[in-house]
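Visitor: I have a structure to go through with you. Can we start with the overall fold and then pick out some details?

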Amino acid sequence: MADVKLTQYSHGAGCGCKISPELLESILETARPALPHPNLLVGNSSKDDAAAYDLGNGTAVLSTTDFFMPIVDDPFTFGRIAATNALSDIYAMGGLPLMAISIFGWPIGKLSAEVGRAVIDGGRAACDDAGIPLAGGHSIDSPEPIFGLAVTGIVDKRHLKQNNTAEPGCELFLTKPLGIGILSTAQKMGVIAPGHIDPAVENMCKLNAVGAQIAQLDGVVAMTDVTGFGLLGHLGEICEGSNLSATVHYERVKQLPNVGSYLAQGCIPGGSRNNFKSYGHTIGELTDEQRGILCDPQTSGGLLCVVKPEAVEAFLDLTRAAGLELESFGQTRPRGDKRIEVV
């Protein structure tokens, strides 16, 4: 099993496999009228991280699913990253996960059951970290390896966070640095130096559990996690849903070590190009470097938090206690000609 390189068995990697925002919107268009579901608090219309259903007792159940093809070669680590990424949707809504079931596609005849078992074990390890059971799942014979979770969670309705409730004049924070897609592409191209992928793997395996605490701060008015559409894509969804614009200060956006050098070598994920093609017309002028970093698809990326100025101190105290050293990288503002301006 030590010789297995899972990334050789997939055409894409992690959240870089996601369908582009432009194409996804076309796929989801429908003329079929939506039936009324009064207890559905959050559905597909807001492009949010999870669905939320009102239980009528002050709480809501959260439901989400996420899965993808290998982003790393090690089977256990792939399983752990995929599960961590799926759990993030619950934390991004301010909730706590209750249980998960697995989604598992395996190329029977190409990869052994032993390797598949290691993937599942990695997913179980992430669920153990979150304090929930991996309670079952479904598997198919597929041309490429696929793994992820469907997760059920719960949230106090007062603390439910959405991506379409931002307000002008707020500060923007991101809890993990960018560059995962670029480093993963460098690994897939075989040009990455020993040890350079390690910070990316460490970040992808880190639960966004702090989201459940952040959500309890009244001054945090919106939250989402940054994954396959890149920082500009997910910030753009916040701006679109909240009918406002944002300014990003590029020099304040944290990057993983060595990302710039691999970007300069042309290690650009296909997902990054698809992202810019989908929403580039909504963004102000960008340099090639800014486009490469800010459109980079993240796998198990950080939480994007929109915080009122009066709540920033409490927010930073909370995140610092969780081991995070954050600074604002931008602000929301009244809607302008462009959804996002990068300065």
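**Contacts, overall build and details**

Guide: In the protein chain, 86% of the contacts between residues at least 6 apart in sequence join residues at least 24 apart; a contact means heavy atoms within 4.5 Å.

Visitor: What kind of model is this, and how are residues numbered?

Guide: This is a predicted model, in which local features need pLDDT of at least 70, side-chain atom pairs count only at pLDDT 80 or more, and totals for chains, interfaces and linings use all residues. Residues are numbered from 1 along each chain as its sequence is written, and side-chain values use heavy atoms, with hydrogens and water left out.

Visitor: How many helices and strands?

Guide: The protein chain has 11 helices and 12 strands. Helices (H or I, at least four residues) and strands (E, at least two) are DSSP runs, numbered from the N terminus.

Visitor: Why does the radius of gyration agree with a compact globule?

Guide: Because a compact globule with 343 residues would have a radius of gyration near 20 Å, and the protein chain has 19 Å. The radius is taken over C-alpha atoms, and the globule rule is 2.2 Å times the number of residues to the power 0.38.

Visitor: How much is buried?

Guide: Buried residues make up 53% of the 343 residues. Buried means under 20% relative accessible area, exposed over 50%, and partly exposed in between (1.4 Å probe, protein chains only).

Visitor: Switching to H3. How many residues does helix H3 have?

Guide: Helix H3, residues 113–130, has 18 residues. From first C-alpha to last, H3 reaches 26 Å, close to the 26 Å expected at 1.5 Å a residue; the expected span is 1.5 Å times one less than the number of residues.

Visitor: Which residues of H3 are buried, and what do they pack against?

Guide: The buried residues of H3 include Val-115, Ile-120, Gly-122, Gly-123 and Cys-127. The buried residues of H3 pack against helix H2 (75–92) and strands E4 (96–106), E5 (134–141) and E6 (146–156).

Visitor: And what comes just after H3?

Guide: Gly-131, with a positive phi of about 75°.

Visitor: Which residue other than glycine has a positive phi near 55°?

Guide: Asn-243 does. Asn-243 sits in the loop between helix H7 (230–242) and strand E9 (244–248), and at 47% relative accessibility Asn-243 counts as partly exposed.

Visitor: Where is Asn-258?

Guide: Asn-258 is in the loop between E9 and helix H8 (259–264). Its phi is positive too, near 75°, and at 34% relative accessibility Asn-258 is partly exposed.
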